[in-house]
Structures are given as structure tokens and as C-alpha cells.
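Hi,

Here's the structure I said I'd pass on.

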2 protein chains.
Amino acid sequence: MSILVVGSVALDYLETPYGVREKALGGSATFISIAARYLAPDVRFVGIVGGDFPQAHIDDLTARGIDLLGLERVPDGRTFSWGGRYHEDMNHRDTLYTELGVFAQFNPAIPDAWRRSDIVVLGNIHPSLQSHVLDQMEQPGVVICDTMNLWIDTSREALLDTIRRVDVLILNDQEARQLTGERNTVAAGRRLLDAGPSRVVVKKGEHGAMLLSRDGVFFAPAYPLDALKDPTGAGDTFAGGFAGALAASPARDDEAFRRAVVYGSVLASFCVEQFGVEGVAELDAERIAGRYRAFVEMVRYTP
Amino acid sequence: MSILVVGSVALDYLETPYGVREKALGGSATFISIAARYLAPDVRFVGIVGGDFPQAHIDDLTARGIDLLGLERVPDGRTFSWGGRYHEDMNHRDTLYTELGVFAQFNPAIPDAWRRSDIVVLGNIHPSLQSHVLDQMEQPGVVICDTMNLWIDTSREALLDTIRRVDVLILNDQEARQLTGERNTVAAGRRLLDAGPSRVVVKKGEHGAMLLSRDGVFFAPAYPLDALKDPTGAGDTFAGGFAGALAASPARDDEAFRRAVVYGSVLASFCVEQFGVEGVAELDAERIAGRYRAFVEMVRYTP
């Protein structure tokens, strides 16, 4: 089953109490694709980079079997770059700078051969661009949408227009509260179910993730890490693992989405253990299966 | 199997965005006993009240089958009273006043017939009093200890002495961080395992509860309530449900403690739906079993 991924590609500056990385490969499409590719063979990448984007990253993504047909390269432009600093408790970060570069002119064009992708993951980009992607698709099976506080602040109506058209909305607890005005996370999630999506995933960082739908509420804990090194990309990685798990099986019942939440949590748990994409760069089926078993064990009991 | 409960008895002033209650029956021993009694027949209550304590409350607790042989009454004293105000987000509360009354002279004397209780629940009282209770016990099967930030601040050494002697330490995430100096909840929980208890339960409010032991980590979510009316007593109620579940079965393996965490969560979920003890006052086996099934359903998936 095929997964179309649309999002940002970035060279990031990352600073946490554990260290610093400059020009680290990042961006929502990058994390989503790398994570999804571990679970699904056909991952289609749509993004934009400048002439400064290292060929080594292109080669690496290609070697992973990610199809870069949709990667636009602008030789005389600069790749999107975000600089962020995380503080001691890792729950708060300061954006040091945002240099849009070629990302400012991103107008995702979906290759004809990809208009019939089974699963579409709309990474965190302007909601109008997300809608523009959907305009180009022919009957996608499942549309998964991520977003961020910036668009809730600046482009609420466009975002609500996009949300109406998606099957699964993934956002964090703070965003869910911000978008709905509900303080209570569960109440916020339920309100979002009325806005279009048949399923809403509320990510709660160290407190795990919650899946809401008409079938009920499902909780998956986060992996109990003594320390996380860098939360950057964890949400995108979650979305990638989620989409990958759906692509790996034809089932579309509540069970399938519950398993997808666990796979998203599994992949995200690897992500935060290292800087940038380093935590998800060297995985294999065995390590993923091992941690999946650990997730099963964390909630298991005989009623 | 018998449960000995030692803790405070109070007439509380409660104020939340949902309303106000004056002279509401409260106190750790009260919540623990009421919750435990739904799951176990033999609940033994040790506490102290003043002459102002309404006979109706005595009658009610007695009618529930809670044995009040250990309830000391001081006719010319006043019952402990706590006044608290919860704000919009319910995660923060202001203590309006604390009138110790007869609680200042509480020196729990365990009736001879109760020195061989199977399970001991040390409700939130001064850690020296908790130790004094343990000094009077003969080989209790399981000792469960709750505490609060006040004792971590003012009586850390006495608290650590008590903790060394207990089997299960129950505390909230903030207390776990405060007691260990570890920011990370999981790391804090693991540190506490080195301080004496074989199991540590970290309560995370709306984010559920975590059980740590040498057998691994277990997570139980909180029940997804759209709104909670009054969090007072939720932690005590959790401890009561936890103890009650253990008393209802002879098993002392990891499975038994996992189920106990879920029962604690079930009882606590009823507690916060109403003011004070109102939420746990009118339960029955069927409602508890129904919500227990809902908890099972919230984390269930086929790997």
C-alpha cells in the first residue's frame, strides 16, 4: 500500500541540555517518511529544498527506498531552516529563528502517478497547501493531517477547511485546547470529532497518546525513558509510524487504528532518544518489534 | 482479608468552579475506607474526631460495614478541617485554611485485635505517626503508604524512615519529583524503588497512574471525563481501591498489583465526578464492574 507524504524539509539548529547539532536533517516530511518506510515499502515524498541541501541526504533517503520523485530542488535557493533551544524540562522550547528559504515558495505538485495513493499524510505545512494537496488527489483511502500552533493562531479558517476533509487529525494536547477553547483534553478531542475527522489523535508527550472516535477512546502510554535527548520531530515520527502501520495492513477497523497509535508511539520513542533523525536513522524490524512488545507489556493485565 | 486504614478524618470546606460545600465529610482515612469497603469486607478504621463530628457520619460509615473500633472521639475538641479552593484548570488549588483541631493530638493506637491485619494503608499523616503505626503491627502482609508535599518539605528524614518500611509507596508525580530531585517522573519512580518499597505508584491525575517495580513498568490511563467537579480525595480513593483489590484476592504477583492500580483508578474516577465523598458514596458492585470494563476497553488492542 502506498503512502504519500507532503511536508517540510529542513536543515535545523538544535540545542538541548544534551548537546547541539547544526544543519541537522529535519522537516516534517523527512521524519514522517523515514518512520513510515520501516513499516511500508511504498513511501512517496513531496517537499522542497535549496541548492545547499547536501547530496548525501538525498542519497540517504533514496537508499532507504523513499521515492523522491516529488522532491523539488531550487538550485539558487536555500533550504528551510529552524533553530530551536529546549530547556531543562524539555516541555518548553524557544524558537531561535525560522528561515523559510525556498519553503516560502512551496506549492506542492503531486506527480500524476501519485494521485492515487492509498494513504496521504499531510505534514505540518500551511493548511491551504494541505488543502491544495487534497485537491490533486483521487480518492485517497485515508487522509492523515498534522498541524501546529502557528496555523491555529494565524490561519484558523483555512485549517478548519482542511480538517473538514481529513480522516485522521493528529495534534498535541496544547493544540487541541487552543483550537477548540476547551481546557479539558478529552472534551477538546471530542469537539474536534465534530469538525470533520472520524478519528482524532491527541499526543500528550511523556503522557502518551489518546485516540478518539465514535468507537470509543483508546490510550497508549509513552515509552518510559529516563531521559529524552531531543524531542524535535517526535510528532512527525509518530505520524509516520501511524501511517506506516495502516499501510502494512488492509484493516480499517478500530483495532487497526489502535495498533497504528502504538506503532506511532514506538517510532516516536526511538526518535527522542537521539538528536534529530539520528534516533530513527538506524532502526530495523527487530528493534521495532522488540519495542512494540514492550508497549504491549506496559498496559497488559488479566482482567 | 482485612485492611487496616489509618489517616485523617475531616470536615472540609470545598470550593471549585462547580460549587461549594461546607463541613463536607473528608479526610484520608474516610476516602480510603469507603473505597476499600466496596471491594473487601473487613475494613478497620483508625482516626480521630472532635465533639462536633456529626453522629450521622458515624452511622453512615458503620452502615457501610466499616469497623470504627479505632475511631477516637474527643468530646471537647474540634474535628480537623481543611478549606481548599480549586481554580479553572483543577490542577492547582489554594489551601484557604488548615485547622488541625484534635488531629494535632492524634497518636494512633491500634486495637490489639487489629495488630494482625493483612493489609495496612497508611493514609496521609505525619510520617512519624505512620512509623508508629507500623511499630504496633505484627507481620502485616502488605503495607501501603501515601504521603504529601508537606511532609516532603518539613519531615523528609522521618518520611524516608517510613518509606524504608513499606511495600508500596503511592504518591503523585509532583511529590515524586520533589522527593527525589529528579525532573523525569520515570527516573523519580525508579529512584524511589531504591529507597525501600518494592513497588511505587506514581499518580499523574488526568494522565493516569504508573506502577514501577522490578517486574517492569505498568500504565493505567485515567478515565476520560469531560469535566471533573472536585479532585479532593481522589488520591486517597485511589489508595482505597488499590488496597481493596489486593484484599479481594490472595495473589501478590505483578498481575495482582496491576489490577489493583486499575481498581484504584476506577474508584478515583467516580470520586472526582462529584464533591467530596459524594462520588463514592452511592456505588455498587455493578457500577464498579462496568467502569472496570471500560478501563479494560481503553487500552485493549490485539497486537
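A:Phe218, A:Tyr263, A:Tyr292 and B:Tyr301 come together as one aromatic cluster. Bear in mind that this is a predicted model.

Searching the whole structure gave 16 aromatic pairs over all chains. One to look at is A:Tyr301 with B:Tyr292: the ring centres are 6.3 Å apart and the planes sit at 80°, so this pair is edge-to-face, given that planes over 60 degrees apart count that way. It also crosses between chains: A:Tyr301 is in the segment after α11 (285-299) of chain A, while B:Tyr292 belongs to helix α11 (residues 285-299) of chain B. As for burial, A:Tyr301 and B:Tyr292 are both buried.

B:Arg21 lies over the face of B:Phe275, 4.3 Å from the ring centre. Then there's B:Arg291, whose charged end sits over the ring of B:Phe270 at 4.1 Å from its centre.

Last one: B:Leu25, which you'll find in strand β3 (residues 19-26) of chain B. Is B:Leu25 buried or exposed? Its relative accessible area is 7%, and under 20% counts as buried, so B:Leu25 is buried. Leaving aside residues up to four places away in sequence, B:Leu25 touches B:Ala10, B:Leu11, B:Thr30, B:Phe53, B:His57 and B:Val277. B:Ile48 is 23 residues from B:Leu25 along the chain, and their C-alpha atoms are 13 Å apart.

Cheers

How values were computed
Residues are numbered from 1 along each chain as its sequence is written. Chains are lettered from A and ligands numbered from 1 in the order in which they are written. This is a predicted model: local features need pLDDT of at least 70, side-chain atom pairs count only at pLDDT 80 or more; totals for chains, interfaces and linings use all residues. Side-chain values use heavy atoms; hydrogens and water are left out. Rings of Phe, Tyr and Trp (its six-membered ring) pair if their centres lie within 6.5 Å; planes under 30 degrees apart count as stacked, over 60 as edge-to-face and the rest as tilted. Helices (H or I, at least four residues) and strands (E, at least two) are DSSP runs, numbered from the N terminus. Buried means under 20% relative accessible area, exposed over 50%, partly exposed in between (1.4 Å probe, protein chains only). A charge sits over a ring if NZ of Lys or CZ of Arg is within 6 Å of the ring centre and within 35 degrees of the ring normal. Contact means heavy atoms within 4.5 Å.
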